[in-house]
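Colleague: Please give me a close look at a single part of this model, with its surroundings and its pairing. Plain detail will do.

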2 protein chains.
Amino acid sequence: MTDEVDRLMAGIAERKVRDLARAITLVENGGPDGLELLRRLAEQARGGAERPRSHVVGITGSPGVGKSTMTAALITAFRARGQSVAVVAVDPSSPFSGGALLGDRIRMQSHSSDENVFIRSMASRGHLGGLAAAAGHVLRVLDAAGFDVVLVETVGVGQSEVEVAAAADTTIVMLAPGMGDGIQAAKAGILEIGDLFVVNKADREGAQTTARDLRQMISLATSQQNATSRQNATGPQKTTTEADDAVAEWTPPVLTAIASTDTGIDDIVAAIADHRAWALDHGELDRRRLARAREEVIATAVGMVRSRIEAASSMSAFEDSVSAVAHGEADVHGAAEALVDEMGSSAGS
Amino acid sequence: MTDEVDRLMAGIAERKVRDLARAITLVENGGPDGLELLRRLAEQARGGAERPRSHVVGITGSPGVGKSTMTAALITAFRARGQSVAVVAVDPSSPFSGGALLGDRIRMQSHSSDENVFIRSMASRGHLGGLAAAAGHVLRVLDAAGFDVVLVETVGVGQSEVEVAAAADTTIVMLAPGMGDGIQAAKAGILEIGDLFVVNKADREGAQTTARDLRQMISLATSQQNATSRQNATGPQKTTTEADDAVAEWTPPVLTAIASTDTGIDDIVAAIADHRAWALDHGELDRRRLARAREEVIATAVGMVRSRIEAASSMSAFEDSVSAVAHGEADVHGAAEALVDEMGSSAGS
């Protein structure tokens, strides 16, 4: 076990693709080797000198807005500026295939020969601690590998997925004319998390209308935010709430682009740099990383307990109570309490 | 407390809108009154005679496919057949507003005078036990109120949202031409959960192509499913996996419709009835309700523990470890373990 971890520690530092891939698989699975690896990375960080952290850029939006194409265009742009780039593509994968779509991988092939580009797909399902914890672990490995920029592509709908995008240092919300107008973005609940909005496929009819709608919705959402962020400043929301207290000060620009032809990409890269500078100046970067770590630790703890609960739930006594609950004859909370007690007695923390 | 619960028990039986709304708020919040109410409902079910349960129909699809319009059209169709209908609209709400969009409510107003129609919006965020548990609780109240049909509208992207739709007795996956083609549906991971597919906005260009693509992707997904359902038959996936073991036998029809003009709605209602009959014959209905109850109990148990963990996480010692984790200097699992131990000692189960 430690032999492999030793090898991986070296491989991560040298940014060896195979070792990075293996290390990420380990921390994503959360097995003993993964835990050991995360421990060693923290140990190393304690010993080593302060170094610039990876800038984490979240890219999110409804299916079909062109996130993967935009990701590919941004890789090219950052590489042209001499920056190393890692990509974590969180695919809302099928509950069965549990993997990334071939399409995305193929679209990324053009960069596969460049050792300063690392691309990884992550399933959005099947992580005991939830997606946020698993993504946090993966970001730690990529940060240790010293990538200048880490692009996290997630679909912009769905609780877990939106939380991951919102936890980035800079969050880009993408829309497309027609399908992604303001109302749809509001429905997706991604208006408040954008530090930067991009209307992609700007050559299509209605792009300017979408951009205008968006600017209106943003000012609306910003005021709404200030009104309600107070009452939400507890629990799991804390991550996004803290993050967005400051978005009220930062006015998210709305840009237009055509990712498929690299049109408007330079402006996006510039806007990312602007937001990063602003976030550094205003302590927002620290706030987000604290919030991210907080949620990562809590989610990891919940995951630990959930695995115990599921172990306890495999007992036949539980199956009986489930069937009673299914027929509406047993009380779900009573069954849950019994399960928690079972968990407590069956495993010492 | 019990006074109100007594009143609500009576109000639920008589399907009084205000009492239903209040009861749902209580079980959604999971406070003491909510728990008491769920206990009483189970007690009542044990005492009472077997009665037909509500048929739960999940309606899901990407933002903009027209789910709300379809929901409204289905309400009209079921009412025309003399069936009572409840709607639970799960809006992927903003992390800040945490509520439903006015638009949906307005679209539903036409039914607001009919006491055999009950419409409720649910936030997809902020439920300690997760969306699945909260939705399960809400379904129990609506089932107790004796609604013939319960329509659960959720956006078809995102782990929690897809799980809720997949847990229905019959799941309708909606797409629209252009934006919702097969690839996008596969990306959204909603191909495997559909018992019935509807290409909405069928008057738009490309509707037939989308329907054809869809039929191809479905046969693809079905075979893929059989190949991989085995290895996923554990943990949280169990719900959907069990549910979909049988979808391989049932071939999901692909229908076209124009919800805004009530075109094709009768065929959809007929297909829902067909699937219900098939699911009853093949024991699939029982399987899904068992799986739903199992996940509801586990999620509720996890929620109980999560609230304890968050209570423990409010201590300043935890804030220090979070900041160390944020700077990469402390190991996230170590911090999580400490939190779990703290939880264990700070609260007896």
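Modeller: Strands here are DSSP runs of E with at least two residues, numbered from the N terminus, as are helices (H or I, at least four residues); two strands pair if DSSP finds at least two bridges between them. The model is predicted, so local features need pLDDT of at least 70 and side-chain atom pairs 80 or more, while totals for chains, interfaces and linings use all residues. Residues are numbered from 1 along each chain as its sequence is written, chains are lettered from A and ligands numbered from 1 in the order written, and side-chain values use heavy atoms, without hydrogens and water.

Buried means under 20% relative accessible area, with exposed over 50% and partly exposed in between (1.4 Å probe, protein chains only).

In a regular strand the side chains alternate between the two faces of the sheet. From β1(B), His55(B), Val57(B), Ile59(B) and Gly61(B) point one way, and Val56(B), Gly58(B) and Thr60(B) point the other way. Residues of both sets are buried.

β1(B) has two pairings to describe, with β4(B) and with β5(B). Strand β4 of chain B, residues 149-155, runs parallel to β1(B) and is joined to it by 7 bridges; within that pairing, Gly58(B) has Val152(B) as its bridge partner. Strand β5 of chain B, residues 170-175, also pairs with β1(B) in the parallel sense, over 5 bridges. There, Val57(B) is bridged to Thr170(B).
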